[in-house]
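This report describes a structure by way of its charged pairs, its disulfide, its strand pairing and its pocket. The sequence and the structure are shown first.

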Amino acid sequence: MAACCAVSILCCVFILFLFLSELTGFIATEIVNELYVDDPDKDSGGKIEVSLNISLPNLHCDLVGLDIQDEMGRHEVGHIENSMKIPLNQGDGCRFEGEFSINKVPGNFHVSTHSATAQPQSPDMTHTIHKLAFGEKLQVQKVQGAFNALGGADKMSSNPLASHDYILKIVPTVYEDLSGRQRFSYQYTVANKEYVAYSHTGRIIPAIWFRYDLSPITVKYTERRQPLYRFITTICAIVGGTFTVAGIIDSCIFTASEAWKKIQIGKMS
């Protein structure tokens, strides 16, 4: 009798444990990712929003400017819309923050002194990149993508007269939640080099170049939750299977107990 009670208690504890495990899995969402070839954000008008935040501690704000150009013929020198310059180091340095759009074609944007009224002889292009992001910001804990791959890049120990080339491959990214709402953003990979450039007239004025191209591959993240029917089926299987096994164990214990009793009676007689 005590053995049967012990089996029943163990079965209930086991069922409770498995039930809680399945319930946790049912409540939680999983992120499934897939790759496909397409432009997911066709309503963007062929534009990508860019957010740039960079500090140049040894270059005066009057000299700092943003230039944008691409293969569609765009060539803009000294972009100022939605941007601001914050003096650093008692005015000797500058922090540039800007938001602008680029076309979905290969091109570049660069921080330079090209828009300054008077070009300095030896501009110091050492810098720190705080942020470079494309598209809408995604704040999803389970998605660890390269949405700000250059964030924290420190080139303060570089040659002050060197140009910096950041080669970016922009990857369209889609995030779809449980309600089916989609958000569009962009990840990117980066390679970089620094160099001092010369021409037949002498040294070329350095700049910080961000050369970009778009990947034809789109990454899609989709939130999914286990269907209710599967959860119910699993719980029924757990309960039924546990009680079936418990019945077999109880039967074995009962048979062994009866056999032991017969052996004891045989010894007494």
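## Salt bridges, disulfide and pocket

Lys220 and Glu176 form a salt bridge through their side chains, with an N to O distance of 3.1 Å. This pair connects distant parts of the chain, since Lys220 belongs to strand E15 (residues 217-224) and Glu176 to strand E10, 44 residues apart. Lys220 is buried, because its relative accessible area of 16% falls under the 20% limit. Glu176 is buried as well, with a relative accessible area of 18%. The model is a predicted one, and the values given here are computed from it.

A search of the whole structure finds six salt bridges. Another of them joins Asp213 to Lys169, with the closest N and O atoms 3.6 Å apart. Asp213 lies in strand E14 (residues 208-214) and Lys169 in strand E10, so this pair ties together parts that are 44 residues apart in sequence. Asp213 is partly exposed, at a relative accessible area of 29%, and Lys169 is partly exposed at 36%. A further salt bridge is formed by the side chains of Arg95 and Glu97, at 3.3 Å from N to O. Arg95 counts as partly exposed at 25% relative accessibility, and Glu97 counts as partly exposed at 22%.

| Salt bridge | N to O distance |
|---|---|
| Lys220 and Glu176 | 3.1 Å |
| Arg95 and Glu97 | 3.3 Å |
| Asp213 and Lys169 | 3.6 Å |

A search of the whole structure finds one disulfide. It is formed by Cys61 and Cys94, whose sulfur atoms are 2.3 Å apart. Cys61 is buried, with a relative accessible area of 11%, and Cys94 is buried with a value of 0%. Cys236, by contrast, counts as exposed at 52% relative accessibility.

Strand E10, which holds Lys169 and Glu176, also takes part in strand pairing. E10 (residues 163-176) pairs with E11 in the antiparallel sense over 14 bridges. Val171 has Gln187 in E11 as its bridge partner. E10 and E11 form a hairpin with five residues between them, and Gly180 in the turn has a positive phi of about 90 degrees. E11 is also joined to E8 by two bridges, and these two strands run antiparallel. Here the bridge partner of Phe134 is Tyr186 in E11.

E8 and E11 both contribute to the lining of the largest pocket. This pocket has a volume of about 260 Å³. Its lining consists of 15 residues, of which Lys131, Ala133, Gly135, Glu136 and Lys137 lie nearest the centre. The elements that give two or more residues to the lining are strand E2 (47-56), strand E8 (128-135) and strand E11 (182-195). The largest share, four residues, comes from E8. By residue type, the lining of the largest pocket divides into six nonpolar, four polar and five charged residues.

Conventions:
Residues numbered from 1 in each chain as written. Predicted model: local features only at pLDDT ≥ 70, side-chain atom pairs only at ≥ 80, totals over all residues. Heavy atoms only, no water. 1 Å grid on protein atoms, 1.4 Å probe; cavity = no way out; pocket = protein on both sides within 12 Å on 5 of 7 lines; lining within 4 Å. Points joined across faces, edges and corners; volume = space filled by probe spheres on them. Nonpolar A, V, L, I, M, F, W, Y, C, P; charged D, E, K, R; others polar. Pairing = 2+ DSSP bridges. Salt bridge = Lys/Arg side-chain N within 4 Å of Asp/Glu carboxyl O. Buried < 20%, exposed > 50% of the residue type's maximum accessible area, 1.4 Å probe, protein only. Disulfide = S-S within 2.5 Å.
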